[in-house]
Amino acid sequence: LSAARRLPRPLLSGPQTVQAVAAIAGGLVGVALGIPAGGLVGAMLAVALVARRVPSTPLPPWLRDGARIVAGTAAGALVSRSVLGGLGWALLWGALANLAVVGAGLLCAVLFARWSGVDRGTAFLSFAPGGLVELTALADEFDVESQVVVSVHLLRRAVTIAFVVVFIAVVAS
Amino acid sequence: VSIDLGLAVIGGLTGGIVARMLRVPGGALLGAVLGAAAVQLALGGDESLPAGVRIAVQITIGLVVGSNLRFEAFRGMGRILARTPALLALLFTIAAAIGVGFATLIGATVPVGVLSTIPGGASDMIAIALEIGEGAPIVAAVHLVRLLIIYVVLSSLFRRLLPPAAPTVPPPGA
């Protein structure tokens, strides 16, 4: 028994390993089929489908943060001096553009509150264009319907990917 | 994979882990971008990512997004969420229009502009920008600015305006 206690815990549980294998297989199929952003779309769909069959277990924090670190590292590795030189104005305009997008999100929140009957706090947190994890954590601080906030953000994240993939396919064609 | 790229990866991992440990909002992504960029700028490199790396990034992000899509989360929310797709379509259309304007202003392509302003997951949009092979640093930088606006400006506004959650009452005898 003491020897068993000394065994290192696996990094992923059984269902999490199934999800990871499904992501790799789905991603490779998506790439092979030539779907725009096929690795992302294929992995996402495969994991969502597998989650209907295996017990649903959230991924460990190290993997969630690891995914962000991998994406951030890949983007940062492409920053050269010429890219940095052109980034100044882009950042200024980007900040203004994003303020406009945040404003559009708040407008949608007002409409959401009116149409769905949720309170304005829930609606604002549901349509604030931030990260799912961070806004869910923020929702827990306030007297709002956290479940609604989570659901809207899940929907937004998935629909965004679909929207962008279709948009890029249309622009590319 | 070149030595420069390997060092940039080490810089990104270090930056991401340190920012995460310091509990910086959005720190894993922010720290990784800054860490990898700092190393890359110090080395004066001008890298492009191998196709395998881009696919690995996409699959990792796809795994995280897919694992979030638990269908039971939407159960019983039909009435509340009924009009959400229409509102999301409105939000995306406005954001895409702003993205086209942004692309025109900075002289980037339309996909780069739209990826920069569409309010999706920052890491998801970066992964797609890596796929189309252009503008990933711009997309990353603009999304990081958006996250700063949300976490610094909006969250402090929410803290002023929204009622705090009721304190949890311990069960009797606890």
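1. B:R20 is partly exposed in this predicted model. Its relative accessible area is 37%. That value falls in between the two cut-offs, under 20% for buried and over 50% for exposed.

2. B:R20 forms a salt bridge with A:D65. The closest N and O atoms are 2.3 Å apart. A:D65 sits in helix α4 of chain A and B:R20 in helix α1 (residues 3–21) of chain B, so this pair joins two chains.

3. A:D65 counts as buried, at 12% relative accessibility. Salt bridges with shared partners link A:D65, A:R68 and B:R20 into one network.

4. The other bridge of A:D65 goes to A:R68, with the closest N and O atoms 2.9 Å apart. Both residues lie in helix α4 (residues 61–76) of chain A. They are three residues apart, about one turn of the helix. A:R68 is buried, as is A:D65. Over all chains, the structure holds two salt bridges.

5. α1(B) has 19 residues. From its first C-alpha to its last it reaches 27 Å, close to the 27 Å expected at 1.5 Å a residue. After α1(B) comes B:R23, with a positive phi near 60°.

6. Which residues of α1(B) are buried? They are B:L5, B:A8, B:G11, B:G12, B:G15, B:G16 and B:A19. Seen down the axis of α1(B), they fall within an arc of 125°, so they line one face of the helix.

7. The buried residues of α1(B) pack against α4 of chain A, together with α2 (27–43) of chain B. The face turned away from the buried side of α1(B) carries the exposed residues B:I3, B:I10 and B:M21.

Notes
Residues are numbered from 1 along each chain as its sequence is written. Chains are lettered from A and ligands numbered from 1 in the order in which they are written. This is a predicted model: local features need pLDDT of at least 70, side-chain atom pairs count only at pLDDT 80 or more; totals for chains, interfaces and linings use all residues. Side-chain values use heavy atoms; hydrogens and water are left out. A salt bridge is a side-chain nitrogen of Lys or Arg within 4 Å of a carboxyl oxygen of Asp or Glu. Helices (H or I, at least four residues) and strands (E, at least two) are DSSP runs, numbered from the N terminus. Buried means under 20% relative accessible area, exposed over 50%, partly exposed in between (1.4 Å probe, protein chains only). The expected span of a helix is 1.5 Å times one less than its number of residues. The arc is that of the directions from the helix axis to the C-beta atoms. Contact means heavy atoms within 4.5 Å.
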